[in-house]
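Biologist: Could you put the model up, so that we can go through the ligand site together?

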Amino acid sequence: MMTEGQKKPFNVREIRDEFPALRQQIYGKNLIYFDNGATSQKPQVVLDAINRYYSKDNANIHRGVHHLSQKATTEYEESRKLIQQYINARKLDEVIFTKGTTDGINLVASSFGELLSTGDEIIISAMEHHSNIVPWQMLCERKNLKLRVIPINKKGEIIMEEYEKLLSSKTKLVAVTHISNTLGTVNPIKEMAQKAHAVGSRILVDGAQSIQHLPIDVLELECDFFVFSGHKVFGPTGIGVLYGKEDLLDRMPPYQGGGDMIAKVTFEKTTYNDLPFKFEAGTPHIAGGICLGEAVRYLSSIDMQAAMKHEKDLADYAQHLLDTFEGMQIIGEAKQKTSVVSFVMEGIHPFDIGTLLDKQGIAVRTGHHCTQPLMDFFNIPGTVRASFAFYNTRQEVEYFIEAFEKSINMLK
Ligand SMILES: *Cc1c(COP(=O)(O)O)cnc(C)c1O
């Protein structure tokens, strides 16, 4: 990770200036973007990198002897290096480019899944995103495994005693989110990893919501796999990362076959390329990989401790103001929580609130947030979710509350 000395002092105004998408009006109102849990806006350096790549450097990688191909290859591989350093992976070949979090989880389910057999168990939690549920269900069906679910309490926290009860020598993988996209709960990954390892299990961490909010150190977390999406961390869509421990990745069979993932192909027998290429079949999202590196470089220039504090202040402030409304129910009140506020209002459908907020230029998410089992647990159809990034401001929160009050007065 970058040293503190290289970071600029945290200044929201300066940061906002770097995000052109934030400087626009929606229905004649200044945009307030509180849907960062769904995707993040992009800083100018990332937009410039996309433009630069396609206007000048565009070429296929790992193949050509010509100048552009080599340049694109170098930039793509430099980006891998930046990501390796950012998440503190031990080796470069432990960083696999994917299409995103969903793709990374599916890769592990398919490939690591091949090493499992009848009766083995996989543990997930009750707060998982559909993309950390469905691939495991599919695998369990295919290989005759058992899927177990760690229950949560009403605050939206994992019940650790129940987790411990589920762990056994049959457990082969624990797949759990670092931060819940719906509740904002931060799960105690390191502790969960140690408990998983104690029974000989591996652990996969869904980092889709943590990579942009917390400093990530995969060694410190003691995880075996860590997955995230580029688009939630100020980079492009269609690119993401799977981190996996080298010895584990080495033992796993390829996920997809094609170009780049092979060493030698004959009709009789094909041998596979080394890591990380073994898991990267076909022409990848080259621009995406390069620009994700740019996003990580950008993120490295931000004082993450100050950014975290700012985001937490925004969420606490919003929650405090929302709490004063009659009929308000905050969903997710974990002790360890990040910058997400999910809520329901008695007698008002979340969709109606979202629609009226939109007319006032405010982007929030409404619905089940790809966590239907979690909605069932709370016995609600969905929530309104405001999710903050470090470029949001207290003023925006205040405007949001005013707009919210107007909206519910219209709906009552
Ligand atoms: C967004 C999200 C995903 C899925 O990410 P994609 O980019 O859609 O693949 C998975 N888990 C969590 C917690 C998320 O927030």
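**The ligand and its surroundings**

Modeller: A nitrogen atom of the ligand lies 2.6 Å from an N or O atom in the side chain of Asp 206, which is within the limit for a polar contact (a pair of N or O atoms within 3.5 Å). This is a predicted model, in which local features need pLDDT of at least 70 and side-chain atom pairs count only at pLDDT 80 or more, while totals for chains, interfaces and linings use all residues. Residues are numbered from 1 along each chain as its sequence is written, and side-chain values use heavy atoms, with hydrogens and water left out.

Biologist: What about the ligand's oxygen atoms, say at Ser 229 and His 231?

Modeller: An oxygen atom of the ligand is 2.7 Å from a side-chain N or O atom of Ser 229, and an oxygen atom of the ligand is 2.8 Å from one of His 231. The protein covers 85% of the 390 Å² of accessible area that the ligand has on its own, areas being computed by the Shrake-Rupley method with a 1.4 Å probe.

Biologist: Switching to β4, which residues sit on each side?

Modeller: In strand β4 (residues 95–98), Val 95 and Phe 97 are on one side and Ile 96 and Thr 98 on the other, and all are buried, meaning under 20% relative accessible area with a 1.4 Å probe, protein chains only. Strands here are DSSP runs of E, at least two residues long, numbered from the N terminus.

Biologist: And in which sense does β4 pair with β10?

Modeller: β4 and strand β10 (residues 240–244) pair in the antiparallel sense over four bridges, where pairing requires that DSSP finds at least two bridges between the strands. Leu 242 in β10 is the bridge partner of Ile 96.

Key: A polar contact is a pair of N or O atoms within 3.5 Å; within protein, one must be able to donate a hydrogen and the other to accept it, and residues adjacent in sequence count only if both atoms are side-chain atoms. Buried means under 20% relative accessible area, exposed over 50%, partly exposed in between (1.4 Å probe, protein chains only).
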